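Please read this briefing alongside the sequence and the 3D structure shown below. The points are grouped by topic.

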Amino acid sequence: PGWGTDSTLSLSGVSFRYPDAAKDTFALQDIGFTAQGMEKIAIVGRSGSGKSTMMNLLAGFNQPASGAHISLDGHDLTSFNQPQWQDSMSYIPQEPYIFSASIADNIRFYVPDASDAAVAAAADQAGLTDWLGQLPDGLATMIGEGQRGISGGQGQRIALARVLLDSRRKILLFDEPTAHLDIETEYALKQTLVPLFADHLVIFATHRLHWLPAMDQIIVLENGRISEQGRLSDL
Ligand code: ATP
Ligand code: MG
């Protein structure tokens with residue numbers, strides 16, 4: 001079970017309106033695309049075009065308006081709130097959720113019983129080692145509400161470490177996972193991420209165009225609608 005090389009996900013007529021938005025103002029309108037196997041799909045578009053709304057919908061947090069057709073391996077889904085989808089997916093939201101606990105326990109989010117060595121390896125791959133070396137308690141340092149504050153980029157790298165710790169989840173939903181990182185840190189992480197992408201379905205919202213050559217399909221959003229779609233060479 002779960003997502004495999006022959007799996008297909010197909011969406012058509014997917015729209016979404018925030019409950020407090022004006023009556024006819026949709027944040028997503030009539031979205032359709034198909035994702036297959038271990039494809040790499042970029043979602044691009046200007047600020048406010050609907051990328052995060054789309055990622056939240058794919059992660060099961062935003063329920064599509066009526067009229068949507070979503071099918072997973074030919075079976076209709078009403079939303080992405082289905083165990084078969086949720087259990088095979090890792091989601092890095094634009095502002096990752098950091099809870100009040102040690103850095104190590106934050107990294108163990110998907111794998112509560114991961115060993116210290118596995119956590120340290122994931123932290124290293126996510127580029128956290130230099131920062132951890134500056135902390136008195138390293139991975140045992142308490143962060144989150146009422147604890148030590150962390151930067152946006154540190155939060156994103158913790159979220160990446162969570163995903164790297166559980167690479168068995170075949171679907172990766174990333175919402176601008178490198179937005180807070182300087183370009184050197186981002187290029188270093190890219191060396192880790194691109195090989196990881198090879199055996200995953202990746203849906204990646206980004207502003208940074210240097211990711212696009214590594215992608216199989218690019219979806220350009222404009223005011224909640226798809227304005228262009230295809231391979232980079234076709235756009
Ligand atoms: P960015 O590149 O800045 O992250 P984005 O493409 O991710 O932008 P979204 O966050 O999906 O854009 O926002 C799409 C539209 O929906 C915007 O007009 C935004 O103002 C609106 N919107 C986003 N979140 C909410 C919300 N919780 N309630 C109402 N409207 C929202
Ligand atoms: Mg966004």
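The shell around ligand 1 divides into three nonpolar, eight polar and two charged residues; Ala, Val, Leu, Ile, Met, Phe, Trp, Tyr, Cys and Pro count as nonpolar, Asp, Glu, Lys and Arg as charged, and the others, Gly among them, as polar. This is a predicted model, in which local features need pLDDT of at least 70 and side-chain atom pairs count only at pLDDT 80 or more, while totals for chains, interfaces and linings use all residues. Residues are numbered from 1 along each chain as its sequence is written, and chains are lettered from A and ligands numbered from 1 in the order in which they are written.

- Ligand 1 is surrounded by 13 residues, and the closest are Tyr 18, Ser 47, Lys 51, Ser 52 and Thr 53 (a residue is near if its C-beta atom, placed from the backbone, lies within 6 Å of the molecule).
- Helix α1 (residues 51-58) gives the most to this shell, three residues.

**Whole chain**

- The chain has seven helices and twelve strands (DSSP runs numbered from the N terminus: helices are H or I with at least four residues, strands E with at least two).
- The C-alpha atoms fill a box of roughly 55 × 40 × 35 Å along the principal axes.

**Two domains**

- An automatic or database assignment gives domain 1 (1-88 + 172-235) and domain 2 (98-169).
- Their C-alpha centres lie 25 Å apart.
- Eleven residues of domain 1 are in contact with ten of domain 2 (C-beta atoms, placed from the backbone, within 7 Å).
- On the side of domain 1 that touches domain 2, helix α7 (residues 183-197) supplies the largest share, five residues.
- That side of domain 1 has six nonpolar, five polar and no charged residues.

Definitions and conventions:
Contact = placed C-beta atoms within 7 Å.
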